[in-house]
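Walk me through this structure, please.

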Amino acid sequence: MKALLLRDLRLAIRAGGGFGLSLAFFLIVVVLVPFGVGPESDILSRIGPGILWVAALLATLLSLDRQFALDHEDGALPLIATSPLPLEAVALAKALAHWLTTGLPLTLAAAPLGVLLNLDPAAYPWIVLTLGLGTPALSVIGTFGAALTVGIRRGGLLLSLLVLPLYVPTLIFGAEAARRGAQGLEVATPLLMLAGITAGSLALLPFAAGGVLRINLR
Amino acid sequence: MTLRVQGLAVARGGVPVLTDLGFTVDPGHALVLRGPNGAGKTTLLRVLAGLAPPLAGRIDLPPESAAYASHADGIKATLSVTENLRFWAALYGRPWADQVLDDFDLRTLKDRPAGTLSAGQSRRLGLARLGVIGRQVLLLDEPTVSLDAASVARFAAWLRERHLGRGGIAVIATHVPLGLDAPELDLAWFRADPAAVSHGTDAAFL
């Protein structure tokens, strides 16, 4: 599993690996929003956490279709499937590599980008915390979606349609926890729900993804 | 360890292509699959590799002993030749030995990004994967495509000396004579009735 993880990380940072894609998209959205919303700083700081969450979610979505598609195109997937590594572990390694190259950079970039949205100083730790807690769920759910659509040419649209509804709970609880934290309200409930979604998807979805891959490889 | 296949039936896309297929390959021996396009050579190899379930019959093969090599080599263009091979060795939990670079004449290419290799060179890299993963049963689908005569001979020699000579087994679908002393199996003899629609597929699918 380590071999696959290291290979995927190496591929991501090499030319054409798509490492910067999500991050650049995130940056662009967050930079553009103040221009679109206008210069009222209190509106911006109110919608800031939500904007960061939606932008992070869409940026994650952008890089999902590469998850298995590249290995499928060049024929590596059946070769990996016949290796000693079970497909469930393959899915988990892929999700982890995706999070390290997408979710983690987004989480770290969210704090400096918050300045552009006139974020309340109290909101910064909450943004980083909720994104850090929620983006692993986005990667695992997305990997499951990518496993479902592997082998479909131009499957990106189908993948988005499948994955977006599954992303909604993470978005709701993540953004809600960030908003409440920023306003100094009680955050335990949405935060626990968010953590629960992440833990649940981490525990269950690699198995689902492994099973789906096995069927798709036939 | 012997590869033993009995009463095997396989389907491609839900349509049976081969039926009542049986053969035995002893250690140190190879079997060459013959048949026109669409005869089911690739389908049979994929079933033997465990990528697809058989419709019927049994395959006696110890778990985690087979390696499958298809038309596509699964080579990553942005990784170097050595990085590609080291990945496969690590994935299969095998120690890295760079003897394989000599076996497949890749020594001078070892640090080149795989994306810059010619078709024949990438094919050699794809075949070199078989040398690092150390599997007993090789299931090879047209291994010599885009290889020149010298490379075919080199590969045949590797197969004979380093694989079969050490008690390995190979099942090879090929149109090119490899110079192996191997029996041939003509899949045309086992063709399933194309009109017969599979009823077992749905159950097998789930």
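Why does the radius of gyration of chain B agree with that of a compact globule? With 206 residues, such a globule would have a radius of gyration near 17 Å, and chain B has 17 Å. The radius is taken over C-alpha atoms, and the globule rule is 2.2 Å times the number of residues to the power 0.38. Along its principal axes, the C-alpha trace of chain B spans about 50 × 35 × 30 Å.

First, some ground rules. This is a predicted model: local features need pLDDT of at least 70, side-chain atom pairs count only at pLDDT 80 or more, and totals for chains, interfaces and linings use all residues. Residues are numbered from 1 along each chain as its sequence is written, while chains are lettered from A and ligands numbered from 1 in the order in which they are written.

Now the elements. Chain B has 6 helices and 8 strands. Helices (H or I, at least four residues) and strands (E, at least two) are DSSP runs, numbered from the N terminus. From that end, the order in chain B is β-β-β-α-β-β-α-α-α-β-α-β-β-α.

Next, the contacts. Two residues are in contact if their C-beta atoms, placed from the backbone, lie within 7 Å. In chain B, among contacts between residues at least 6 apart in sequence, 76% join residues at least 24 apart.

Then the two chains together. Here 21 residues of chain B are in contact with 22 residues of chain A. On the side of chain B that touches chain A, β5 (66-69) and α2 (81-91) each supply at least two residues.
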